[in-house]
Amino acid sequence: MRPFMQKIIAMVGDAIPTYSKLEKLQFGLCCRDTWKYLMMWPKNSPQLKTIIFKEGLIIMKRGTEHELHSDVALPPFSTNVKTIKVHQFRGHKVEILLLKYLLENAGVLQRLILIKDATMEMHQELQVSKELALLPKASTYCTIELIEP
């Protein structure tokens with residue numbers, strides 16, 4: 001777990017303070033250990049409209065993705081968030097699993113913007129596009145955009 005996240009957890013434990021005026025939240029790298037804490041922020045930020053994952057959804061470790069097993073409990077994610085933007089999207093299984101979680105729980109989400117990692121090849125992009133189109137969405141207004149960096 002990253003040192004800054006350890007400090008936040010040590011300061012607040014499982015209780016993230018309420019930020020009543022926060023409209024945009026940008027995260028650096030995420031991993032399995034930090035997801036449950038990251039997802040507490042929207043719940044405690046009623047004006048939050050945009051979440052940006054500036055460095056992607058997962059940390060790559062020696063060329064492989066961190067695993068996120070189905071038994072990892074993520075908190076409910078029902079908020080006013082309308083836009084989620086993910087940089088360095090690679091289309092790995094764990095990223096798809098996290099996007100599935102977000103889409104199933106973000107009831108008013110309007111845009112999911114995925115900025116492709118420069119290493120993504122055309123055949124990967126086609127396969128990922130098919131997988132993304134099949135993901136269930138809580139919001140009937142949500143569009144998924146897979147775009148160039």
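Are Lys116 and Glu125 buried or exposed? Lys116 is buried, and Glu125 is buried too, where buried stands for under 20% relative accessible area, exposed for over 50% and partly exposed for what lies in between (1.4 Å probe, protein chains only). The model is predicted, so local features need pLDDT of at least 70 and side-chain atom pairs count only at pLDDT 80 or more, while totals for chains, interfaces and linings use all residues. Residues are numbered from 1 along each chain as its sequence is written, and side-chain values use heavy atoms, with hydrogens and water left out.

Five strands form an open sheet in the order β1-β2-β5-β6-β7, with parallel pairing; helices (H or I, at least four residues) and strands (E, at least two) are DSSP runs numbered from the N terminus, and two strands pair if DSSP finds at least two bridges between them. At the edges lie β1 (24–27) and β7 (143–147), each pairing on one side only. Strand β6 (residues 111–116) is joined to β7 by five bridges, and Leu114 has Leu146 as its bridge partner in β7. Helix α4 (residues 93–105) packs on the sheet, touching β5 (83–89), β6 and β7, contact being heavy atoms within 4.5 Å. The direction of α4 makes about 180° with that of β5; axes are lines fitted to C-alpha atoms, for helices over the stretch in contact, and angles run from 0 to 180 degrees between N-to-C directions. Helix α5 (residues 122–134) lies across β5, β6 and β7, at about 170° to β7.

Phe89 touches residues including Leu99, Leu114, Val128 and Leu146.

Charged pairs complete the picture. There are four salt bridges, each a side-chain nitrogen of Lys or Arg within 4 Å of a carboxyl oxygen of Asp or Glu. In one, the closest N and O atoms of Lys116 and Glu125 are 2.5 Å apart, and a network of salt bridges links Lys116, Glu125 and Glu148. Glu104 and Lys100 meet at 3.1 Å, N to O. These two are four residues apart in helix α4, so about one helical turn separates them. Lys100 is partly exposed at 32% relative accessibility, and Glu104 is partly exposed at 36%.

How values were computed:
Lists of a residue's contacts leave out its neighbours within four places in sequence.
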